[in-house]
Amino acid sequence: MLVRANVNGEWRTADVWAGASLLHMLREHLGLPGSKNACEQGECGSCSIWLDGELVCACLVLAGQAHEREVRTVEALSARETLHPVQEAFLEVGAVQCGFCTPGLIVAVADLLMLDPSPDEPAVREALSGNLCRCTGYQKILDAVRLAAERMRAR
Amino acid sequence: MEVLLPRTLEEALEIKAARPEAVPIAGGTDLMVELNFDRRRPALMVDVSRLPELREWRRENGTVFLGAGVTFTRIIRELPEFVPLVQASRTVGSPQIRNRGTVGGNLGTASPAGDALPVLAAYDAEIVLAAAGGRRRALPWHQFLVGPKRHAAAPDELILGARWGIVRGPGSFSKVGPRNAMVIAVASLCLVMDEGARAFRVALGSVGPTILRAPEAEAFAVRALADAGAWDDPRASLSPPALQEFGERVAAAARPIDDVRGTAAYRRHACAVLARRALAWAFEDRRSTSRSS
């Protein structure tokens, strides 16, 4: 089926199998491999994106459900040479080990800080409860959230 | 395989009338997993996530109607007065899942572990079903949920939402699982205390083929409160032996099985613990409400 969606500010069309997920459409049809494909059951958060401004797992959205809607992926966060403050913070504190969970976590953290610029630790833990890091780098990730929150509040 | 994207409820119902095999998809948190793992290949799916009629909730004459497409995130944000429902919604998955998952999905999947279902059972909700041509009917929750992953909607019907009478009194939802997030309940319990009708309603999830109520425990709590003269006294509580017996009676209503998430014995034990806690919390809530008013 033909799916037309506004992806990162641009109207794009993809001819996908009707049963395909939005994640498959982004990665395999639209050349946007930033959202990672891991569990395919909404457990790991590696494919976190925004659909009409809401944080979702792209693997649980049927591609057709994104028709005529707005999709925003991790690729939209940085502008060429300039990283998003959340990306900067992840780099600076070393919140990246193998890096597979990183794009999903960065999207989830950016979503959190948009909704709540000063989250306390329980709020951060709850907001990131749907993102798994198999390298167990959670402490550094929490540090990165604190740093990003400070920087974004200061701007 | 084919996907249709109706814009209105009537369009969606006409699709269901013409092709009753069409499988509705809303948040996709259940159905997409089956698709991704090739466990299911429906010939036709209908996207119900854009139907405005399913995305609304409203109060009407002492009742509330909750559209099948209202997500758990919206319930938490927009329906704070329904404490057990909000508590149950907060235990669903993760933020990503709560942004997509709906009460209609819990009803359509009809798993005994659906987190909103014990709340609907404790609210004595009815499930509103719609078919083409303006046909509507409502089924009490226990006539709708007929077995594990089985419900009573006809093939040409869609789940419009749930409706229940608003009651005055405390209530809670609690759930046992290995983590605070992303957990399918091992056991769950919703208790609602109806001060107006002087009634208790207790519903159990994940401990039977479908959601179960605990009528003997409910009647016991009503009698125990009456015997203690506690209905008129918001500071009253029940004795530890009475709480104990309440827990045992709730556990007796469970019909659990052993499975990968837990044993039947553990689940029964968990029901007793959750029940005692829920009743104690209800008394605490009454006390703090009476202090503040």
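The dialogue below takes up selected features of this predicted model in turn.

Trainee: Let us begin with one helix. How many residues does helix H3 of chain A have, and what distance does it reach from its first C-alpha to its last?

Mentor: One compares the span with the value expected for the number of residues. Helix H3 of chain A covers residues 102-115, has 14 residues and reaches 20 Å, close to the 20 Å expected at 1.5 Å a residue.

Trainee: Is H3(A) mostly covered or mostly open, and what covers its buried residues?

Mentor: H3(A) is mostly covered, with 12 of its 14 residues buried. Among them are A:Leu105, A:Val109 and A:Leu113. The cover includes strands E3 (48-51) and E4 (54-57) together with helices H2 (85-93), H4 (121-127) and H5 (138-154), which belong to chain A.

Trainee: At what angle do H3(A) and H5(A) pack, and which residues meet there?

Mentor: A general point comes before the case. An α-helix has 3.6 residues a turn, so residues three or four places apart point the same way. Here the two axes are 11 Å apart and the helices pack at about 45°, which makes H3(A) oblique to H5(A). The crossing in which H3(A) passes H5(A) is right-handed. From H3(A), A:Leu105, A:Val109 and A:Leu113 meet A:Ile141, A:Val145, A:Ala148, A:Ala149 and A:Met152 of H5(A).

Trainee: How do the axes of helices H9 and H10 of chain B cross?

Mentor: Helix H9 (residues 215-227) and helix H10 (residues 240-253) of chain B have axes that come within 8 Å and cross at roughly 160°. H9(B) is therefore roughly antiparallel to H10(B). The contact involves B:Phe220 and B:Ala224, among others, on H9(B), and residues including B:Phe246 and B:Val250 on H10(B). H9(B) passes H10(B) in a right-handed crossing.

Trainee: How is burial judged for a single residue? Is B:Leu85 buried or exposed?

Mentor: One counts the C-beta atoms around the residue; 20 or more others within 10 Å make it buried, and 12 or fewer make it exposed. B:Leu85, in helix H4 (residues 83-90) of chain B, counts as buried because it has 29 C-beta neighbours inside 10 Å. Residues up to four places away in sequence aside, B:Leu85 touches B:Ile75, B:Leu79, B:Ala116 and B:Val119. A:Ala79 lies in the loop between strand E5 (70-72) and H2 of chain A; with 8 other C-beta atoms within 10 Å, A:Ala79 is exposed.

Trainee: Which residues touch the most other members of the largest nonpolar core?

Mentor: In soluble globular proteins, nonpolar side chains tend to be buried together. In this model the largest nonpolar core has 138 residues, and B:Leu191, B:Cys271 and B:Ala275 touch the most other members. Beyond its neighbours within four places in sequence, B:Leu191 has contacts that include B:Phe200, B:Val202 and B:Leu279.

Trainee: Finally, how many residues of chain B are in contact with chain A, and which element supplies the largest share of that side?

Mentor: An interface may be described by the residues on each side and the elements that supply them. Here 25 residues of chain B are in contact with 24 residues of chain A. On the chain B side, strand E1 (2-4), helix H2 (31-36), strand E3 (44-47) and helix H5 (95-98) each supply at least two residues. H2(B) gives the largest share, 4 residues.

Conventions: Residues are numbered from 1 along each chain as its sequence is written. Chains are lettered from A and ligands numbered from 1 in the order in which they are written. This is a predicted model: local features need pLDDT of at least 70, side-chain atom pairs count only at pLDDT 80 or more; totals for chains, interfaces and linings use all residues. The expected span of a helix is 1.5 Å times one less than its number of residues. Two residues are in contact if their C-beta atoms, placed from the backbone, lie within 7 Å. A nonpolar core is a set of buried Ala, Val, Leu, Ile, Met, Phe, Trp, Tyr and Cys residues joined through C-beta atoms within 7 Å. Axes are lines fitted to C-alpha atoms, for helices over the stretch in contact, and angles run from 0 to 180 degrees between N-to-C directions. Angles under 35 degrees count as roughly parallel, over 145 as roughly antiparallel, 65 to 115 as roughly perpendicular and the rest as oblique. A crossing is left-handed if the near helix is turned anticlockwise from the far one by less than a right angle, and right-handed if clockwise.
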